[in-house]
Amino acid sequence: QVQLVESGGGLVQPGGSLRLSCAASGFIVSSVHMSWYRQAPGKERELVATITSSGGSTNYPDSVKGRFTISRDNVQNTLYLQMNNLKPEDTAVYYCIRSSSSGATRFGSWGQGTQVTVSS
């Protein structure tokens, strides 16, 4: 059974950092493309990072490029999102999901997500 469990969110001040984790079961993280999305209150879900299966190429929108880093641990079968220099506009619920190489197409169900709040 495919399952994704996000964790690591919390309250952080502007300029701070967080590392989100996405523990996967039922499939091998390194064998598929994976993405992180986020959804802020009243807004549509937004793609924030993608990592491809072979080669591990990564891609980010301009809004997070240079601040966020997606990675994976093949031993732990876990996906990560390192977020640095956080801004109030990064406040959202963050989700991981299997995706196409561009991240535009998602496969499977959303998990419960993890809340990130950036506020002083």
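A polar contact is a pair of N or O atoms within 3.5 Å; within protein, one has to be able to donate a hydrogen and the other to accept it, and residues adjacent in sequence count only if both atoms are side-chain atoms. Keep that handy for the first exercise.

This is a predicted model, in which local features need pLDDT of at least 70 and side-chain atom pairs count only at pLDDT 80 or more, while totals for chains, interfaces and linings use all residues. Residues are numbered from 1 along each chain as its sequence is written, and side-chain values use heavy atoms, with hydrogens and water left out.

**Exercise 1. Work out the surroundings of Asp90.**

Step 1: Asp90 sits in the loop between strand 8 (78-83) and strand 9. Strands (E, at least two residues) and helices (H or I, at least four) are DSSP runs, numbered from the N terminus.

Step 2: check the burial. With a relative accessible area of 0%, Asp90 is buried. The cut-offs are under 20% relative accessible area for buried, over 50% for exposed, and partly exposed in between (1.4 Å probe, protein chains only).

Step 3: look for side-chain partners. The Asp90 side chain makes a polar contact of 2.8 Å with that of Arg38, and another of 2.7 Å with that of Arg67.

Step 4: list the contacts, meaning heavy atoms within 4.5 Å. Leaving out residues up to four places away in sequence, Asp90 touches Arg38, Arg67, Phe68, Asn85, Val116 and Val118.

**Exercise 2. Find the residues that stand opposite Val116, then sort the faces of its strand.**

Step 1: start with the parallel side. Strand 2 pairs with strand 11 in the parallel sense over three bridges, and Gly10 stands opposite Val116. For strands to pair, DSSP must find at least two bridges between them.

Step 2: now the antiparallel side. Strand 9 and strand 11 are joined by three bridges in the antiparallel sense, and here Ala92 is opposite Val116.

Step 3: sort the faces. On strand 11 (residues 114-118), the covered face holds Thr114, Val116 and Val118, and the uncovered one holds Gln115 and Thr117.

**Exercise 3. Describe the aromatic pairs and say why the pair of Tyr95 and Trp110 is edge-to-face.**

Step 1: set the rule. Rings of Phe, Tyr and Trp (its six-membered ring) pair if their centres lie within 6.5 Å; planes under 30 degrees apart are stacked, over 60 edge-to-face, and the rest tilted.

Step 2: count. There are two aromatic pairs. Tyr37 and Trp110 make an edge-to-face pair, 5.4 Å centre to centre with 75 degrees between the planes. Tyr37 is in strand 4 (residues 34-39) and Trp110 in the loop between strand 10 (106-107) and strand 11, 73 residues apart.

Step 3: check the accessibilities. Tyr37 is buried at 4% relative accessibility, whereas Trp110, at 29%, is partly exposed.

Step 4: do the other pair. The ring centres of Tyr95 and Trp110 are 5.5 Å apart and the planes lie at 65 degrees, so this pair is edge-to-face. Tyr95 belongs to strand 9, 15 residues from Trp110, and is buried at 10% relative accessibility.

Step 5: Tyr37, Tyr95 and Trp110 form one aromatic cluster.
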